[in-house]
Amino acid sequence: MAEHFDILIVGGGPAGLTAAIYARRAGKTVLLLEKEGFGGQIASSPRVENYPGLPAISGAELADQLYSQAEALGARMELEEVQRIESAPAVHTVVTDYGTYTAGVIILATGMKHRKLGLAGEDTLKGVSYCAVCDGAFYKNQDVAVCGGGNTALQDALFLSGLCRSVTIIHRRDELRGDPILTQQLRETANVRFVLSTVITELFGDASLTGLTLQNLVTGEVSSISVSGLFEAVGQMPERRLSESLVSVDEGGFVRSGEDCVTSRPGVFVAGDCRRKEVRQLTTACADGAVAATAACRFCDKSH
Ligand code: NAP
């Protein structure tokens with residue numbers, strides 16, 4: 001028979017882990033399923049400087065601490081990929097690549113996945129990466145590029161500037177989306193340069209990336225640069241595979257809910273970046289985790 005939990009959380013990022021902490025503190029049995037690695041996106045952030053009370057901490061360390069806190073409270077956490085969720089009024093059946101579980105309540109905290117540029121060779125060439133912290137060391141003393149103008153791109157570029165010979169930031173507009181404080185730091189870093197109003201039109205290299213073809217969107221000028229690494233940081237998309245068959249999602253695939261994290265399906269709650277909302281930050285992910293877990297616990301208590 002499938003093992004049963006009061007609350008089953010899908011996704012082990014800050015939202016899911018915070019939900020696990022709150023649900024365990026409320027005395028519920030909790031299973032958290034994560035398909036890749038605990039900590040979500042934050043685990044690959046070189047330095048987190050906007051989490052209140054922790055002026056500077058590496059993302060990996062923060063992720064470890066969240067995991068340890070949930071574990072110490074008795075949350076069961078497994079690295080398993082959820083294949084499907086079958087929902088009946090009082091019980092949800094969750095099928096993973098390892099087994100089947102049942103739960104009274106589901107919290108979807110499935111986060112986001114990397115957007116891609118859609119260029120030939122993106123998935124096959126060695127040298128294309130989505131994580132500077134994970135892969136940056138492979139490009140020590142080499143020339144690399146970062147594509148994107150948001151905080152992820154800027155943070156990645158700062159991190160890489162400490163390892164690589166040169167870092168070229170390629171952004172499609174002449175204005176950066178990320179925080180001015182990061183832009184300022186980058187402008188003061190000698191081995192970083194900005195190539196603005198420009199898109200990458202081609203990746204070249206045989207098995208490994210050797211360079212990029214660029215097009216300036218204002219002048220139309222085409223040029224090329226030699227790099228051995230390209231770090232794509234062009235934003236995220238919600239993981240919609242599980243959610244769209246279960247609950248109401250918007251046109252972008254984000255789960256619709258109120259600020260109470262209640263979805264269109266009774267007994268299913270949502271937390272973190274996969275929720276339709278204005279501000280997607282570590283703090284709001286954790287806040288969602290707390291709100292969703294509180295609503296989930298209330299739902300469990302009413303159902304008993
Ligand atoms: P983001 O803010 O959505 O930025 C994505 C960047 O990629 C934008 O500059 C965008 O250009 C560009 N882009 C999108 N599609 C593109 C395409 N097809 N071709 C070329 N460029 C493309 O994503 P993010 O940087 O991953 O950040 C996501 C969220 O996490 C944000 O809210 C961010 O503030 C937050 N975050 C915060 C921190 C922190 O320490 N505070 C760190 C990392 C992330 P346009 O600007 O022209 O749209």
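## A network of charged residues

Let's start with Glu-259, which is exposed at 64% relative accessibility. This is a predicted model, and in it Glu-259 makes a salt bridge with Arg-275, where the closest N and O atoms are 3.3 Å apart. Glu-259 sits in the loop between β16 and β17, while Arg-275 sits in the loop between β17 and α6, so this pair ties together parts that are 16 residues apart in sequence. Is Arg-275 buried or exposed? Arg-275 is buried, with a relative accessible area of 2%. Through shared partners, salt bridges join Glu-259, Arg-275, Lys-277 and Asp-288 into one network.

## Other salt bridges

How many salt bridges does the structure hold? There are 15. One of them is formed by Arg-276 and Glu-251, with 3.8 Å between the closest N and O atoms. Here too, distant parts of the chain are linked: Arg-276 is in the loop between β17 (268-270) and α6, Glu-251 is in the loop between β16 and β17, and the two are 25 residues apart. Arg-276 is partly exposed at 38% relative accessibility, whereas Glu-251 is exposed at 67%.

Another salt bridge brings together the side chains of Arg-47 and Glu-49, at 2.6 Å from N to O. Arg-47 is partly exposed at 45%, and Glu-49 is partly exposed at 46%.

Now let's turn to the nonpolar residues. In soluble globular proteins, nonpolar side chains tend to be buried together. The largest nonpolar core in this model has 27 residues, and those touching the most other members are Ile-7, Ile-9, Ala-20, Ala-70, Ile-107 and Phe-269. Elements that give two or more residues to this core include β1 (3-10), α1 (14-25) and α6 (282-303). Which element gives the largest share of this core? That is α6, with seven residues.

Phe-269 has contacts in several stretches of the chain, among them Val-105, Ile-107, Cys-261, Ala-292 and Phe-299. A second, separate core has 20 residues, including Leu-8, Val-10, Ala-103 and Leu-242.

## A parallel sheet

Five strands make up an open sheet with parallel pairing, in the order β8-β15-β9-β10-β11. The edges are held by β8 (128-129) and β11 (192-195); each has a single partner strand, so one side of each is left without a neighbour in the sheet. Four bridges pair strand β9 (residues 143-147) with strand β15 (residues 229-232), and Cys-147 has Glu-232 in β15 as its bridge partner.

## A buried glutamine

Gln-236 belongs to strand β16 (residues 236-238). Gln-236 counts as buried because its relative accessible area is 16%, under the 20% cut-off. Residues that Gln-236 touches include Gln-41, Met-112 and His-114.

Technical notes. Residues are numbered from 1 along each chain as its sequence is written. This is a predicted model: local features need pLDDT of at least 70, side-chain atom pairs count only at pLDDT 80 or more; totals for chains, interfaces and linings use all residues. Side-chain values use heavy atoms; hydrogens and water are left out. Buried means under 20% relative accessible area, exposed over 50%, partly exposed in between (1.4 Å probe, protein chains only). Contact means heavy atoms within 4.5 Å. Two strands pair if DSSP finds at least two bridges between them. A nonpolar core is a set of buried Ala, Val, Leu, Ile, Met, Phe, Trp, Tyr and Cys residues joined through side-chain atoms within 4.5 Å. A salt bridge is a side-chain nitrogen of Lys or Arg within 4 Å of a carboxyl oxygen of Asp or Glu. Lists of a residue's contacts leave out its neighbours within four places in sequence.
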